[in-house]
Amino acid sequence: MYLMWYTHSVNKRLQSRTKQGEQPEGLEKQGKRVPAIFFRTGAGGEPERDWLKDLSSEDRKRIGEDIKTVEFGWPIGMPVCRPLGDGVYEVRTSLARNRIARVLFYIDVKGRMVLLHGFMKKTQKTPGEDLELARSNKSRHQSGLK
């Protein structure tokens with residue numbers, strides 16, 4: 001009963017907001033609240049994607065599942081996601097053999113989850129150089145949006 005009411009209500013609202021023949025924005029995102037994209041350098045490289053490709057398929061799968069959890073559940077908190085300050089967040093993934101992966105991201109003005117930097121965590125605290133690199137990538141991405 002609830003699903004039928006909700007679907008009817010949402011579709012009615014989406015149709016009233018769009019012009020005839022246009023695709024409603026909510027349907028473009030396919031249920032994702034914040035679709036994930038990779039940060040792209042000026043030369044067109046995607047360091048986060050390259051880092052993920054170097055990992056085992058099992059590690060990639062676990063990290064991907066946690067990123068997907070954030071995409072569909074944003075805003076979300078611990079234990080999957082944690083704010084690090086200045087609009088930068090981390091996706092926290094526990095891997096096999098007692099390893100921990102972190103993917104740093106921010107939400108841009110277009111409502112996308114921009115994956116800035118990924119690394120294997122070796123200490124209790126997030127390393128300063130990794131956090132600084134993510135903030136630098138965030139600034140470069142923001143300047144490219146203007």
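The reply below describes the sheet, then the helices on it, and then the salt bridges.

Reply: This is a predicted model: local features need pLDDT of at least 70, side-chain atom pairs count only at pLDDT 80 or more, and totals for chains, interfaces and linings use all residues. Residues are numbered from 1 along each chain as its sequence is written, and side-chain values use heavy atoms, with hydrogens and water left out.

The sheet is open and has 5 strands, in the order β1-β5-β4-β3-β2, with mixed pairing. Its edge strands, β1 (36-38) and β2 (81-85), each pair on one side only. On average, neighbouring strands are turned by 40° against each other, direction ignored. Strands here are DSSP runs of E with at least two residues, while helices are runs of H or I with at least four residues, both numbered from the N terminus. Two strands pair if DSSP finds at least two bridges between them. Between β4 and β5 (residues 113-121) there are 8 bridges, in the antiparallel sense; L104, for instance, has H117 in β5 as its bridge partner.

Helix α4 packs on this sheet and touches β1, β2, β3, β4 and β5, its direction making about 140° with that of β3. Helix α5 (residues 128-145) lies across β1, β2, β3, β4 and β5 and runs at about 165° to β5. Contact means heavy atoms within 4.5 Å. Axes are lines fitted to C-alpha atoms, for helices over the stretch in contact, and angles run from 0 to 180 degrees between N-to-C directions.

The structure holds 10 salt bridges, a salt bridge being a side-chain nitrogen of Lys or Arg within 4 Å of a carboxyl oxygen of Asp or Glu. One of them joins R99 and D59, at 2.9 Å from N to O. R99 lies in strand β4 (residues 99-107) and D59 in helix α4 (residues 57-73), so this pair ties together parts that are 40 residues apart in sequence. D59 is buried, at 4% relative accessible area, whereas R99 is partly exposed, at 25%. Buried means under 20% relative accessible area, exposed over 50%, and partly exposed in between (1.4 Å probe, protein chains only).

A network of salt bridges links R82, E90, R92 and R102. Within this group, E90 meets R82 with the closest N and O atoms 2.9 Å apart, and E90 also meets R102 at 3.3 Å. E90, in strand β3 (residues 88-95), and R102, in β4, are 12 residues apart, and their pair links distant parts of the chain. E90 is buried, at 0%, and R102 is buried as well, at 5%, while R82 is partly exposed, at 28%.
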